Amino acid sequence: MKLKELKEKFQHKFLMRMTAGILCVAVAAGGFGISGMHTGEVSAVEKNELEEQLVSMMDTHTQQGKSEKEAKEAKDAKEETVYLIADANGTVRQTIVSNWLKNGSKNAQIKDVSELSDIKNVKGDETFTQNGTKLIWQANGQDLYYQGTTQKELPISQQVTYYLDGKKIMPEELAGKSGSVTIRFDYTNKAKTTVKINGKKTDIYVPFTAVSGVVLDDSFRNVRVNSGRVLSDGSRMIAVGIAMPGLKKSLGVQEKDFDKDFEFPEYVEITAEVENFSLEMTATAVMAGLLSDSSFSERLDFQKLDDTVDEMSGAMGELKDGGRGLSDGLDTLKGSMSGFSDGVSSLASGVEAYTNGVSQLAEGIRTVNSGSGALESGVQTLNASAKTIHDGVQALDQSLHTKMSEQEQAAVKKEVGETIQKQFQKGTDTYNRIYEAAVQNFTHTMQNETTVQTVQAGIQAGMQAQGLTSDEVVAALAQYYAQHGFTDAQGETYSAETCQSNVPGTETTYAAFFASAVLNGGLSSALAGGITNGIAEKGAASAAEAVAGACETAAKQAGEAAAISGAEAAKQKIAAAIEAKDEKSGYSLVSGTKALSEGTQKLAQSVPALKEGMGQLVSGADALTGNSAALKEGAAKLTNGAGQLNDGIGKLDGGAHALNDGLKEFDKKAVKKIADAYHGDVKDLSERIKAVISAGEDYRTFAGAADDMEATTKFIIRTDGIQVEEE
């Protein structure tokens, strides 16, 4: 958006006036100390002192721009004054440069830089040495004053033009004339530099401030100055005007972009009514960097303006988002109102069910509360039982870890002995099995061939040892057979009666016959078999009884030892079992019963608090029951209000859409245009202003100065007077 368009859209042009306009407005309002020339000072002004007054005005302003401490500090500095002697039209005839070297450090030597010729000390006899443009003054701790000449082109020039009754007139022709006179000072700024403003190359002029003035006598009336002031003491007047040549070009703006009463002071014009015109002289003082000296650059903080415009644009975006979100949200809310109304109806029904449930709940709580006494008694009983169980398990665990006493072992042995004795009594299955097995084993042993041979060998050995005869043996055997019977080698048995009878065909008895056969056979296996059979038949019972008795004794001894050992092992297994922790719960029977006892104890201790809580719960339930009527009434009001809310939301939704549309329109026609203007011309202008201030700060001297020395420069242009020549 261009400045002209901005003016049409915003009548007051606040942003433009705040940035560019403030420069010239401040100057035109007397920002350079003109107000310091009060009436009492005018009387002291002589025609040749005007230039000193103009310089004093500038110096006063410069000191006001610095802090009090900085103004009082003694510094090493160079103050340069360029005097330009010109004719009445402003054409320069002579240039003289005067320098004041301020030796604030009281140095013996002062190093200086100067492009001047014909340098001479004007207030002392201190000398200097020169090497090109470099000078070394023997200062001896004092300030130095010197001057010189130069042919160097001036950074600014002045032209003075005179008008009589609106027509241009040469100054020598104006002398002695009467009428409406105009004296116009025009300035040409030749000091410029090229910088980049927002990426574009731009010419920026050094911001010279020109203060031109004249001293007028009482022949001048109705004196006016276009950009300055007129001060009078009744008999004499000083007309002073201010101009800033090149500023408008540097800023790239025109007066038409601002209010109709605003202008950039690029020239000074003094008008008056006069009789017998004469003028002693005019004087102009020019300085650079007055904007910086007045701390204007510090007060001109465009960063805050940048932030404000950005915040304004961001806030507008948030407002638009919020307006759209509000509109969408209300659309959604409006669409949900039917469901809300249904929900309110459901809520009313739910409230009815709730109040009924509250009554039932209250009744149930009272029932539970009435049983709290039984609960307390039951918990106490449970705790006592749990403690008893724990004590019993603890005692069992301790006893399982204690070895059996002699009395306990004797009791076990007695029990085992009585049990085994009962099992081995005659006629029991155990006794019978052992007895029969022993008889069979004994008989088999006595009747096998090895035993028979052993007996046979023994008989023969016995006969030989006793010296028995065959007849004696036969008689003895016959007697034995006649008493006991006989079994031959083939297993055929002959009873005693048979042995007592005779053998057929002979008078010999069977007993004698068998005895003779045995004897004749040499006590063969038949005799031995008969003997062993007899032993087996007669001794089997006794041997079986002996074996049964031995088995009973052995079983008793083994049973007693096994019973005692088994009891100890069983105790260890039981102890391990009741002490083993369950993988899920982490408790054993011992620790579990302990935890059970402790838990029931805590439960018993908590029962009083539980009973108290039950009482409070009963009170709360009664309060709920008491509030049921109010809750039903509120639900009914909510149902009635749902319809009103639906109507209100419809209206609010319409308003939200209107607000959203309005925000879009305001953003389009106002905020965006302001932001576009600022980021376009206004921000460009702010960058130009910063460049102008920087150019003024960079301009230090006309004829040269050392880099490490503070330097200031002012130009004094004095023009010739206009007088009536005396005849």
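This is a predicted model: local features need pLDDT of at least 70, side-chain atom pairs count only at pLDDT 80 or more; totals for chains, interfaces and linings use all residues.
A residue is taken as buried when its relative accessible area is under 20%. Strand β18 (residues 282-288) runs antiparallel to β21, the two being joined by six bridges; here V286 has F715 of β21 as its bridge partner.

An open sheet of five antiparallel strands is also found, in the order β9-β8-β10-β17-β14. The edges are formed by β9 (167-169) and β14 (220-225), each of which has a single partner strand, so one side of each is left without a neighbour in the sheet. On average, neighbouring strands of this sheet are turned by 25 degrees against each other, direction ignored. Within the sheet, the antiparallel strands β8 (residues 156-164) and β10 (residues 179-189) are connected by nine bridges, with S157 facing T188 of β10.

Side chains of opposite charge can pair when their charged atoms come close. The structure contains 11 salt bridges. One of them joins D112 to K78, with an N to O distance of 3.2 Å. Because D112 belongs to strand β3 (residues 109-113) and K78 to strand β1, this pair ties together parts that are 34 residues apart in sequence. D112 is buried, at 2% relative accessibility, and K78 is likewise buried, with a relative accessible area of 1%.

A further salt bridge is formed by R184 and E269, whose closest N and O atoms are 3.6 Å apart. It links distant parts of the chain, as R184 is in strand β10 and E269 in strand β17 (residues 267-274), 85 residues apart. R184 is partly exposed, with a relative accessible area of 22%, and E269 is also partly exposed, at 24% relative accessibility.

E266 and K248 likewise meet through their side chains in a salt bridge (3.5 Å, N to O). E266 is located in the loop between α7 (247-251) and β17, whereas K248 is in helix α7, so the pair ties together parts that are 18 residues apart in sequence. The relative accessible area of E266 is 22%, and this residue is therefore partly exposed; K248, at 17%, is buried.

Key: Residues are numbered from 1 along each chain as its sequence is written. Side-chain values use heavy atoms; hydrogens and water are left out. Two strands pair if DSSP finds at least two bridges between them. Helices (H or I, at least four residues) and strands (E, at least two) are DSSP runs, numbered from the N terminus. Axes are lines fitted to C-alpha atoms, for helices over the stretch in contact, and angles run from 0 to 180 degrees between N-to-C directions. A salt bridge is a side-chain nitrogen of Lys or Arg within 4 Å of a carboxyl oxygen of Asp or Glu. Buried means under 20% relative accessible area, exposed over 50%, partly exposed in between (1.4 Å probe, protein chains only).
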